[in-house]
Every structure is written in structure tokens, then in C-alpha cells.
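Reader: I would like to learn how to read the ligand sites of a model. Please take me through them.

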Amino acid sequence: MEKKNIDWSNLGFGYIQTDFRFVSNYVNGAWDEGVLTEDANVVINECAGVLQYAQTVFEGMKAYTTADGRIVTFRPDLNGERMEQSARRLEMPVFPKEKFVEAVLKTIKANEAYVPPYGSGATLYVRPYMFGSNPVIGVKPADEYQFRVFTTPVGPYFKGGVKPLTIRVSDFDRAAPRGTGHIKAGLNYAMSLHAIVDAHKQGYDENMYLDAGTRTKVEETGGANFLFVTKEGKVVTPKSGSILPSITRRSLVQVAKEYLGLEAEEREIYLEELADFAECGLCGTAAVISPVGKIVDHGKEICFPSGMTEMGPVTKKLYDTLTGIQMGTIKAPEGWIAEVK
Ligand code: PLP
Ligand code: COI
């Protein structure tokens with residue numbers, strides 16, 4: 001299989017149309033078999049549920065070329081499970097996780113020529129998503145749905161790669177207590193767009209959202225969970241019912257304990273205690289682990305001792321171990337790697 005002629009090492013995080021995508025329709029209460037198609041366009045009625053009431057959920061994952069030339073993806077079963085939970089919360093039919101994994105592997109295989117080579121720094125981003133497709137005008141769930149999976153080769157999510165980020169504490173809230181912050185619904189991202197455009201205008205890379213109930217606790221950013229390292233070398237991540245349960249974060253907690261012998265804890269983290277941490281990072285599929293050098297809270301700067309030039313030492317160890325597992329140079333825990341054959 002010949003790879004596409006793409007300048008892999010200089011890719012940003014953008015959309016490049018690839019050859020195939022998977023499509024399955026839910027009609028009369030059942031999902032059809034689904035097919036791979038070359039048609040990248042979606043044609044739906046003007047009154048489709050997704051267009052009127054934002055009935056859509058999605059997932060994000062990556063395919064990698066390992067050091068020995070295999071194509072793999074990371075814990076796709078967990079993305080499938082999370083998409084089931086997202087669908088339930090928005091009254092959408094569940095696309096079963098086993099069929100989800102099958103569809104993802106099939107779509108990656110069909111776009112093998114776009115999976116960046118090992119060592120290029122790029123990966124193939126995979127975007128499964130689902131939306132209400134039939135006309136809905138009263139506020140209610142759609143009756144028909146479409147599930148799709150497309151892929152796009154990507155480079156680093158944050159420009160500058162591993163240069164530490166500057167984040168501001170946002171005045172906007174992302175998710176309400178008992179709302180939808182814990183699922184991957186498009187609506188959570190729509191409402192973050194104004195905050196991110198404004199953050200960029202003010203010179204910040206991202207927003208730190210606080211818990212909307214008390215505005216005293218750290219939640220997450222628009223597209224990644226937080227991870228902190230204490231001065232004693234303990235890994236700490238925020239616990240909250242209104243943040244997305246990041247698969248990367250859950251994996252890193254396990255990596256910290258089992259591979260690096262570190263203590264790791266998921267607990268509520270107060271804004272007030274940020275100045276006590278030694279390192280900070282953002283973790284997620286797109287972000288991998290992106291180091292944070294500085295958090296600005298309304299003019300008050302919290303500068304982490306790890307500084308503004310490189311990743312902190314513990315963050316770096318976590319990054320190297322996780323990416324080693326994903327790229328096949330470090331043995332993965334049972335069931336973490338799914339090979340595309
Ligand atoms: N939080 C938000 C809001 C996200 O969009 C993402 C990205 O998927 C994450 C966290 C990280 O989750 P994961 O590690 O499962 O990609
Ligand atoms: C991901 O990491 O997969 C996401 O969905 C985050 C998004 C902001 C690109």
C-alpha cells in the first residue's frame with residue numbers, strides 16, 4: 001500500500017478529506033449494516049433534529065503506525081462505551097460499542113494510505129459521530145439517525161507542539177451541575193466557541209473552566225482534562241461529574257501507578273491550590289499531553305516551576321510512556337491496543 005504524498009511532519013490539526021467514510025442509518029427502530037462510501041457530503045432535510053436542536057454526539061480517537069509497521073488504535077472500546085452513554089443522555093439510539101469498534105477499524109483500514117508513518121509526529125484522527133436526521137419541529141428527539149466515521153491526518157493540536165501553554169481562568173461556564181458536561185455532545189463545544197475566540201484574542205491558548213455551581217474548583221478546558229503534579233511528584237487529576245471522562249487521563253493515571261511507580265489521585269481540585277503544584281498539563285486524544293506553563297486568574301499569574309520552555313519532568317515521563325505504549329515501543333496493558341488488519 002502506497003502512502004499519500006503528504007508533508008506529514010508539517011501537518012497542523014485540520015481537516016483533510018480522505019478517501020472513505022463509514023455510514024449507517026437508523027430507520028424504523030433499527031440500524032442498518034452500514035457501508036463505506038467515498039461521498040464526504042451529508043444531505044439532510046432542512047428541519048433535521050441536529051440542525052434545529054443540536055441532537056448530535058461524537059468521539060475522537062487516533063490511529064498510529066507502530067515502530068514495527070502495524071497500524072493500531074488506542075482503547076477504542078472505551079470510546080464506544082462513552083458514545084453509548086452520550087447517546088443515552090440525548091435520547092438517541094445506542095450504536096452498539098462492538099459495532100462501533102468494527103466500523104472504526106474498517107474506516108481506518110480503508111484509509112490506510114493516510115495513516116502517517118512512524119516517527120513523523122502525525123497521526124490519523126478518527127471522528128465517529130451520530131446525529132438526528134429526520135425533520136423535527138416540536139422539541140423532541142428525532143426518529144431517524146445517521147452514524148458516521150471519517151478520518152483526517154493531523155499534527156499537534158496546539159501550534160508550537162510541546163511549548164508550554166498559557167491558560168486563563170474563564171468567566172464563562174462550560175457545564176452545569178447535572179447538565180451534559182460528562183458526555184461528548186456538540187452542544188458543549190458550541191457554547192465554548194465564544195470563550196475560546198475571546199481567549200485567543202486576549203493572547204491565551206485555552207480556557208480553564210471552573211465548576212459552575214461554586215466557581216471554586218477546576219473542571220477542564222474546551223477540549224482536554226487537566227493533570228497536575230505535586231511538588232512531591234504525585235499525579236492529581238480533577239474529579240467532577242461535569243467533565244468529560246477522558247480516556248487519556250484514565251490511562252495516564254494507570255501509567256503513573258503501574259509503569260512509573262507514582263502515586264496518582266483523582267480528587268476535587270480547588271483553584272486556590274494551583275500555586276502549590278509543580279507541573280500542569282492538558283490531556284486528551286488531540287492534546288496527548290500538552291504542558292501548561294502559566295495559568296492567569298484575572299491578572300494574577302500562577303507560574304508553574306516547570307517553566308515556559310519545556311515539559312515538566314514528570315509530565316515528560318508520562319508523555320513518553322503513553323506515546324511509547326501507543327506507538328508499540330513499550331508493552332501495553334492487556335486490551336489497550338487494537339490492531340487494524
Ligand atoms: N475533555 C474534553 C472537553 C474533550 O473534548 C476531550 C477530547 O476528547 C477530552 C477531555 C479528552 O478525552 P479523551 O482523552 O478521551 O480524548
Ligand atoms: C479529542 O481530543 O479527540 C477531542 O475531541 C477534542 C477536540 C477539541 C478536538
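**Ligand sites and domains**

Author: The largest pocket is the space that ligand 2 takes. A pocket is an open set of points on a 1 Å grid over the protein atoms alone, where a 1.4 Å probe fits, with protein on both sides within 12 Å along at least five of seven lines; a molecule sits in it if more than half of its atoms lie within 2 Å of its grid points. This is a predicted model, in which local features need pLDDT of at least 70 and side-chain atom pairs count only at pLDDT 80 or more, while totals for chains, interfaces and linings use all residues. Residues are numbered from 1 along each chain as written, chains are lettered from A and ligands numbered from 1 in the order written, and side-chain values use heavy atoms, without hydrogens and water.

Reader: Which residues surround ligand 2?

Author: A residue counts as near if one of its heavy atoms lies within 4 Å of the molecule. Around ligand 2 these are Phe13, Phe58, Gly60, Tyr125, Arg127, Tyr157, Lys184, Gly223, Thr285 and Ala286. By class, five are nonpolar, three polar and two charged, with Gly counted as polar and Tyr as nonpolar.

Reader: Which polar atoms lie close to an oxygen atom of ligand 2?

Author: A polar contact here is a pair of N or O atoms within 3.5 Å. The side chain of tyrosine 125 places an N or O atom 2.6 Å from an oxygen atom of ligand 2. For lysine 184 the distance from a polar side-chain atom is 2.7 Å, and for alanine 286 a polar backbone atom is at 2.8 Å. The protein buries 89% of the 280 Å² that ligand 2 exposes when taken alone, by the Shrake-Rupley method with a 1.4 Å probe.

Reader: Where does ligand 1 sit?

Author: Ligand 1 sits in the largest pocket. Of the 17 residues around ligand 1, Tyr189, Glu220, Ser246, Thr248 and Thr285 come nearest. Glutamate 220 has a polar side-chain atom 2.6 Å from a nitrogen atom of ligand 1, and threonine 285 has one 2.5 Å from an oxygen atom. On its own, ligand 1 has 390 Å² of accessible area, and the protein covers 97% of that.

Reader: How is the chain divided?

Author: Bounds come from an automatic or database domain assignment. They give domain 1 (8-154) and domain 2 (165-326), each supplying at least three residues to the shell around ligand 2.

Methods:
Polar contact = N/O pair within 3.5 Å; in protein donor to acceptor, adjacent residues only side chain to side chain. 1 Å grid on protein atoms, 1.4 Å probe; cavity = no way out; pocket = protein on both sides within 12 Å on 5 of 7 lines; lining within 4 Å.
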